[in-house]
Amino acid sequence: MEVKRNDVEEKLIEQDPKSHYIIDVRDAVMERIACLPAKKPQPNMLRRPLVMAASLLLVTSLSVTVYAATELIQIRSKDGKVVLETKPKPEVSKELQEKQDRLHSLDTASRSLAWRSALPGQAIAYYIHNQEMNDLKKELYGKDTLLEFEAGSISLGALGVFQEEAKKRGMPNMKVPSRLLNEYSFNEGYLSFNLDLSDLFHEGEPTKAYYDIQNELIRQAEASTTSRKVFIKEIKPPSVSSVSLIYVKGSDMETSIGVIAAKRSGMNPKQEIHFTEADHVEKVLVKGHEMIYVKYADAYFNQGLAWVDEQHDLYYHISLNNKVALKKEEVLEIAESFIN
């Protein structure tokens, strides 16, 4: 069954003329959170299908022990469990990187079509009928798992409309006070969703249900007499996972400040953050909350700040793009505005 758009987009546009769907919003948000923040974005379209569910999970609670960026930094919850730790950035061989880059570059038009096919709050599995792409997947991942997944995110350009939509979905009412941002203004807000792949994977391995969907879509592709390459099936509805705000100075997106609040329920018990020797990492205390502050020596996002609100079961993260000139103290002030 091919998923078709209905009047959802039109209804959103009626509420907010700037509304539009953002391709790969979920991956961008997760990458920022998981990497605290991410280095300059790398191709992330080739996430391994077998571990897709795990790649969507975020960090949990926060209590910090601080070392140099090249040494181990462990974050513990109140009960003493390690929930986050740092490790050296893993190296990827030139041969493997070339294959990954090749897979990323193949048929981007089909990938974009698949991403746009997921309505807000809808989850899909999709198969791209491209032999070279599928051969590369088998070579890189070692298994005949060819499906990819997407959950439709919501992007709104009016803060009031966005706050209303977030509240309806049980997310916090976020807003950065204008006095803290000076020349920066609200640009867009995102609601991102977590896929529910529980019936498609068991302990990291694909189930019969997974292969049933894959075989169904392959049969559709082989029987098609058109030039169509993307074959889609709707799967279990996703759950809202995070809300994020983007503030920009003028119209230059390289001056963007992003604030994310993510639900901690369903997260991995422990996450890894990769740093280089040149990065600066320290513990800071804001209104009684321990936080991790990061200053990157050379990064697309030059500063990051993360903490956990255990009372409301939320994980917060602030990321500053490379042209943002805010001082560390100003970043801490932004964090303070979100602490009740």
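## Glutamine 163 and helix α7

Glutamine 163 is part of helix α7, where helices (H or I, at least four residues) and strands (E, at least two) are DSSP runs numbered from the N terminus. The model is predicted: local features need pLDDT of at least 70 and side-chain atom pairs count only at pLDDT 80 or more, while totals for chains, interfaces and linings use all residues. Residues are numbered from 1 along each chain as its sequence is written, and side-chain values use heavy atoms, with hydrogens and water left out.

Helix α7 covers residues 159-168, and its buried residues (under 20% relative accessible area, with exposed over 50% and partly exposed in between; 1.4 Å probe, protein chains only) are Leu159, Val161, Phe162, Gln163, Glu165 and Ala166. The side chain of glutamine 163 reaches the backbone oxygen of methionine 174 at 3.1 Å. Leaving aside residues up to four places away in sequence, glutamine 163 touches Asn173, Met174 and Lys175; contact means heavy atoms within 4.5 Å. After α7 comes glycine 170, with a positive phi near 80°.

An open sheet is formed by 3 strands in the order β4-β3-β9, with antiparallel pairing; two strands pair if DSSP finds at least two bridges between them. Strands β4 (148-151) and β9 (230-234) stand at the edges with a single partner strand each, so one side of each has no neighbour in the sheet. From one strand to the next, the twist averages 30°.

Strand β3 (residues 123-128) is joined to β9 by 5 bridges. Isoleucine 128 has valine 230 in β9 as its bridge partner. Helix α8 (residues 208-223) lies across β3, β4 and β9, and runs at about 140° to β9. Axes are lines fitted to C-alpha atoms, for helices over the stretch in contact, and angles run from 0 to 180 degrees between N-to-C directions.

## Glutamate 234

Glutamate 234 lies in strand β9 and is partly exposed, with a relative accessible area of 40%. Glutamine 122 is 112 residues away along the chain, yet the two C-alpha atoms are separated by 7.5 Å. The side chains of glutamate 234 and glutamine 122 are joined by a polar contact of 3.3 Å.

## Helices α4 and α6

The axes of helix α4 (residues 94-105) and helix α6 (residues 131-141) come within 10 Å and cross at roughly 145°. Residues of α4 in this contact include Leu96 and Leu103, and those of α6 include Met133 and Leu136.

Methods. A polar contact is a pair of N or O atoms within 3.5 Å; within protein, one must be able to donate a hydrogen and the other to accept it, and residues adjacent in sequence count only if both atoms are side-chain atoms.
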